[in-house]
Amino acid sequence: MKEVNISYPISQIQYTKPQRKKLKERLNFGIMYQHPRIYDFTIWLNDPSGLMPKTLAKSIVGNSVLDLGCGTATLQTFLPKGVQYIGVDLNEDFLVFADKKNRGTFYKRDVIGDLSDLKADTVVLADILHHIPPNHQKLIENAINCAQKKVVISACYEKEEGPFKQISEFIGRRFIDNDGLNEQREGAGWLKLDELLQFLVINGATNFQKVLSHIHCEINI
Ligand SMILES: C[S@@+](CC[C@H](N)C(=O)[O-])C[C@H]1O[C@@H](n2cnc3c(N)ncnc32)[C@H](O)[C@@H]1O
């Protein structure tokens, strides 16, 4: 696959068919990230009625959406027709898969890099904050700077202590939800519910709702 120039949408890059990844390379990714279809299937298993993307889509304002850490662009299919959709991610396989649906513009960019050239009425952070520690403050600042009207967030939190907490979290982070991009994550852990709420409130979030295992909220600009 050709190296992607980050200034260009992924659709403008000429791709050669990606070669099958070697087993050693595959071990860098959790099960969910082995293939975009496997990712979509695990998302469907957890949320078969699409409650999370539907809740996000209802919170969208204006005519344009910037989805930071868009994955396979699940959200896009739930948006009203006519809303311009821009997806940003670092996973090329996911971006190419999402781009084939031909319903948006996709960029291979780091969500904690300089995004000052990207603007949209609503910026979405869907299930990405827990991938980014210790840079989650930078990500939320990027989202606020790119948003012209609103930031919409869906975030998970660490479950309470229990006898199998450490082992289940290790398996989750290392073998299931390991995006292969954020090495620090394995040891970093994530915020508990009270810590997450505090982090979001400090950044101006309001309208909190619990949607399945996630906290949904908004920051009005
Ligand atoms: C759990 S998935 C969420 C995907 C999508 N928002 C959804 O709700 O289905 C997290 C996504 O963040 C992406 N990601 C992680 N770190 C990133 C980074 N530093 N820059 C861009 N994308 C990143 C991963 O590639 C992955 O697609």
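Trainee: Is strand S1 (residues 64-68) mostly covered or mostly open, and how many of its residues are buried?

Mentor: This is a predicted model. A residue counts as buried if 20 or more other C-beta atoms lie within 10 Å of its own. S1 is mostly covered, and of its 5 residues the number buried is 4.

Trainee: Which residue of S4 stands opposite Val 65?

Mentor: S1 pairs with two strands in the parallel sense: with S2 (residues 84-89) over 5 bridges, and with S4 (residues 120-126) over 3 bridges. On the S2 side, Leu 66 stands opposite Ile 86. On the S4 side, the residue opposite Val 65 is Thr 122.

Trainee: Leaving aside neighbours within four places in sequence, which residues is Ala 143 in contact with?

Mentor: The largest nonpolar core has 45 residues, and Ala 143 is among those that touch the most other members. Leu 68, Val 123, Leu 125 and Val 151 are also in that group. With close sequence neighbours left aside, the contacts of Ala 143 are Leu 68, Val 123, Leu 125 and Val 151.

Trainee: How many residues of the shell around the ligand are charged?

Mentor: The ligand is surrounded by 19 residues, and the closest include Gly 69 and Ala 126. The shell divides into 9 nonpolar and 6 polar residues, and the number charged is 4.

How values were computed. Residues are numbered from 1 along each chain as its sequence is written. This is a predicted model: local features need pLDDT of at least 70, side-chain atom pairs count only at pLDDT 80 or more; totals for chains, interfaces and linings use all residues. A nonpolar core is a set of buried Ala, Val, Leu, Ile, Met, Phe, Trp, Tyr and Cys residues joined through C-beta atoms within 7 Å. A residue is buried if 20 or more other C-beta atoms lie within 10 Å of its own, exposed if 12 or fewer, and partly exposed in between; C-beta atoms are placed from the backbone. Two residues are in contact if their C-beta atoms, placed from the backbone, lie within 7 Å. A residue is near a molecule or strand if its C-beta atom, placed from the backbone, lies within 6 Å of it. Ala, Val, Leu, Ile, Met, Phe, Trp, Tyr, Cys and Pro count as nonpolar, Asp, Glu, Lys and Arg as charged, and the others, Gly among them, as polar. Two strands pair if DSSP finds at least two bridges between them.
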